[in-house]
Amino acid sequence: MVKQKNCYRTDVYRKQHREYNRRRRARLGSSATSEYDKRRRMANPEQCHARSALRHAINAGDIEKPKQCSKCKRKEAVQGHHPDYSKPFDVVWLCPLCHTEEHIKLKSAVA
Ligand SMILES: [Zn+2]
Ligand SMILES: [Zn+2]
């Protein structure tokens, strides 16, 4: 019974929310929606997935996180860098400095 009640509530909330969004869109015009969509796509769900998959693998002991940067060999808190987010376990371990550098390089390669 409790479950049903919750379900009903969520449903009502969703309906209200949808109505709110519809009105908002009508007021702001379609440009506001596309701008929002663009920003959402840029958040990159693949990147998010790759990160959480990696974290799970480390916690489960499937992947061992090294204690030093694979590039400069500095013993810092290494971070997993994904050259390809579609391969969550294909990671390069880099210290924060090298990781930032790598992303700057990637960005300039795209631009
Ligand atoms: Zn490094
Ligand atoms: Zn990275």
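1. Start with Pro-83. In this predicted model, Pro-83 sits in the loop between β1 and β2. Is Pro-83 buried or exposed? Pro-83 counts as exposed, because it has 10 C-beta neighbours inside 10 Å, and a residue with 12 or fewer is classed that way. Setting aside residues within four places in sequence, Pro-83 is in contact with Asp-90 and Val-92. Look also at Leu-106. Pro-83 and Leu-106 are 23 residues apart in sequence, yet 9.2 Å apart in space, C-alpha to C-alpha.

2. Now Tyr-85. Tyr-85 is also placed in the loop between β1 (79-81) and β2 (92-94). Tyr-85 has 16 other C-beta atoms within 10 Å, so it is partly exposed. The cut-offs explain that label: buried needs 20 or more, exposed needs 12 or fewer, and partly exposed falls in between.

3. Which residues does Tyr-85 touch, not counting those up to four places away in sequence? They are Glu-46, Gln-47 and Ala-50. Tyr-85 and His-49 are separated by 36 residues in sequence and by 8.1 Å in space, C-alpha to C-alpha.

4. Next, Lys-73. Lys-73 lies in the loop between α3 (45-60) and β1. Lys-73 has 9 C-beta neighbours inside 10 Å, so it counts as exposed. Check its backbone angle. Phi of Lys-73 is near 65 degrees, a positive value in a residue that is not glycine. Most residues other than glycine have a negative phi.

5. On to the core. Which residues make up the largest nonpolar core? It has 5 residues: Cys-69, Val-78, Leu-94, Cys-95 and Cys-98. In soluble globular proteins, nonpolar side chains tend to be buried together.

6. Cys-95 touches Cys-69, Cys-72, Arg-74, Glu-76 and Val-78, leaving out residues up to four places away in sequence.

7. Finally, the whole chain. How many helices and strands are there? The chain has 4 helices and 2 strands. From the N terminus on, the elements run α-α-α-β-β-α. The chain has 111 residues, and 8% of them count as buried. Take the contacts with a separation of 6 or more: residues 24 or more positions apart account for 37% of them.

Definitions and conventions. Residues numbered from 1 in each chain as written. Chains lettered and ligands numbered in written order. Predicted model: local features only at pLDDT ≥ 70, side-chain atom pairs only at ≥ 80, totals over all residues. Contact = placed C-beta atoms within 7 Å. Core = buried A, V, L, I, M, F, W, Y, C linked by C-beta atoms within 7 Å.
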